[in-house]
Each structure stands twice: as structure tokens, then as C-alpha cells.
Amino acid sequence: MASQQMKDFTGLMFERRSLASGSPALTVAELRAGFEQMMAALPPIPGVAMEPADADGVPVEWTRALEGGGSRGTLLYLHGGGYFEGSIATHRRLVAVLCRAARVRGLSVEYRLAPEYPFPAAVEDAAAAYRWLIGPGGEDPSRVIVAGDSAGGGLSAALLVYLRDAGDPLPAGAYLISPWTDLASTGDSIKSRAAVDPMIDPSDTKRITGYYVPDGDVWNPMVSPLYANLAGLPPLLVHVGDAEVLLDDAVRFADRARDAGVLVESEVWPEAFHVFQMLAGLLPEADEAVAQAGEWMIKRLEAG
């Protein structure tokens, strides 16, 4: 049963979508600006400091707790936004709460966005940032957790496959939040959850997919990691809401990873919308999910 706060936020998002439905189609620049504005309106997380850095040409940002954090390892975070929007700034809040929950420092990656930079730019940038992080004098891979939400969750999965195939040392694990793993949109939830998802309109996914893969190669395992060979990947934690069209992207990916011998923990949150973890501090479900993820990350880092 969803909390009243979850129900209230779901209603507000449906109202916002209904108001926007009669407006002219927004440009990519307008969509990006709207996302930035929406996320900037959320209350910041106190007690953390951010510092920009350069990861061999890829802009990144360190997140550190001012007290009692960052001693266990590093969370490499890949933000969501359909590969065409979102940024370090839109996800500072989520990265901060995850870092505090796991007592790690964060490294957020500003990978290049489509349509200006379609696939494989995002994968290349994610790999470059990871290699910089674990490079000479850097973090031990066994003290790294990769995480991401939505497109960033799919990108995190693709990054693991890319690193495995390239022979790079793998991280201690990955936390995937509502990962977009199937850009071919073959999951039943694309239709079955369309009426209850306040965040994603399935009619938009074809256009957004075209930004990222203009050649239409949606079956490429680096684009849609659902279709990759998942054997040999590190342990995974997968969270998804029951009220989202990407439900089957997450559930099927978790199942396929388990079948390939990967250690997987997963949970479907009742009546929860897409990436509800962004509202930690405002939703009890988000607080619970973040706490659970923090405990899982601590366990994985200690095991390494």
C-alpha cells in the first residue's frame, strides 16, 4: 500500500502532465530547462559539499559529506533523463542522500547527451570516467559502486557489460534504479502501466529513443543491455516502481541476470512512480529505498 504522500505526489504529477498536454510540443532545450527548474525547486540536502573535476575530458563532480562520510569507497553515478536531458545538477540531491546512506563519496558523470551526441557517446564517457576513477593513485575497483536511474540505470548496466568485455576490473556492484534496459520497448508494462504512470508517456519513447539511436539499432546490447550476455557481472540491486511503464525493463533484466549467475537483489515498490527515490526526505518509500540501498552498498564494499 502506497503512503498518502506517494498518492499526493502522483496526483500532482498527473495534474502537471494534463496541463502540459494542451501546450505546443516543447523543444529539447525547453525540456532540459524544465527538468533543471523542477529539480532545483526541491529542498537541498544539507551537510554535503560538491567539487567539479575533469575525468580525462569528461566533466565530473565530487560529492562529499562534511562529517562522517566518504570513508568506505566511491559511488560512480550516471544520471537519468532519457539520454537527452538531465545533468549532474538535476541529480545532486539523489547522489547526496545515497552517499550519506552508504557513507561513501560520490562521483557524478556529465556524459554527453543526445541528439547532439548519440550512442555510443554516453557509454564512452561513462567508461572514461570509471577508468579515470580507478586509474593510477585512484580508487580500488573493489571500493566502487556504480549506480544510475532510468537511462542512467540502463547506462550503468551497459557500462558493466562494456568493462567486462574490455577486460577492465569490475566494481563491487551496481545499484540500478528503474533502469531503461530495453529501447525496443517490448515489455508488457509499456502498455499495462501506461494509465498509472505519471512520469513517462509511452508515446514519447519512440521519439526519445530516436535521439539516442538515430540508426534504429535498438537491439544493440550496449544500447539495450537486456539483450546482452550478463554472465560475470558484479552483484546488482534493482529497484523499480509498480506504477511505471519501465517495470518490465527492470524485472526482466534482474531475472536474466539471475539466470546468468549474477547475484541479484530486487524489489518492486507498490504503486510507486518512476525514480521515486529522488524525493527522499519527502516520501517514506523513498527514505526506505535509499536506506535499503545504503545497507546493500555497505555490504558489497565490505565484501570487497
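Q: Which residues in α4 meet α5 here?
A: Ala122, Val123, Ala126, Ala127, Tyr130 and Arg131 in α4 meet Leu155, Leu159, Tyr162, Leu163 and Ala166 in α5, where contact means heavy atoms within 4.5 Å. By class, that contact has 10 nonpolar, no polar and 1 charged residues.

Q: Where do these numbers come from?
A: This is a predicted model, where local features need pLDDT of at least 70, side-chain atom pairs count only at pLDDT 80 or more, and totals for chains, interfaces and linings use all residues. Residues are numbered from 1 along each chain as its sequence is written, and side-chain values use heavy atoms, with hydrogens and water left out.

Q: OK, at what angle do the axes of α4 and α5 cross?
A: At roughly 65°, and the axes come within 10 Å. The two helices are therefore roughly perpendicular to each other (65 to 115 degrees counts as that).

Q: New topic: how many salt bridges?
A: The count comes to 15 salt bridges, each a side-chain nitrogen of Lys or Arg within 4 Å of a carboxyl oxygen of Asp or Glu.

Q: What does Glu302 form a salt bridge with?
A: Arg72, with the closest N and O atoms 3.1 Å apart. Glu302 is in helix α9 and Arg72 in the loop between β2 and β3, 230 residues apart.

Q: Is Glu302 buried or exposed?
A: Glu302 is exposed, at 56% relative accessible area, while Arg72 is partly exposed at 22%. Buried means under 20%, exposed over 50%, partly exposed in between (1.4 Å probe, protein chains only).

Technical notes
Axes fitted to C-alpha atoms, helices over the stretch in contact; angles between N-to-C directions. Helix = DSSP H or I, 4+ residues; strand = E, 2+ residues; numbered from the N terminus. Parallel < 35°, antiparallel > 145°, perpendicular 65-115°, else oblique. Nonpolar A, V, L, I, M, F, W, Y, C, P; charged D, E, K, R; others polar.
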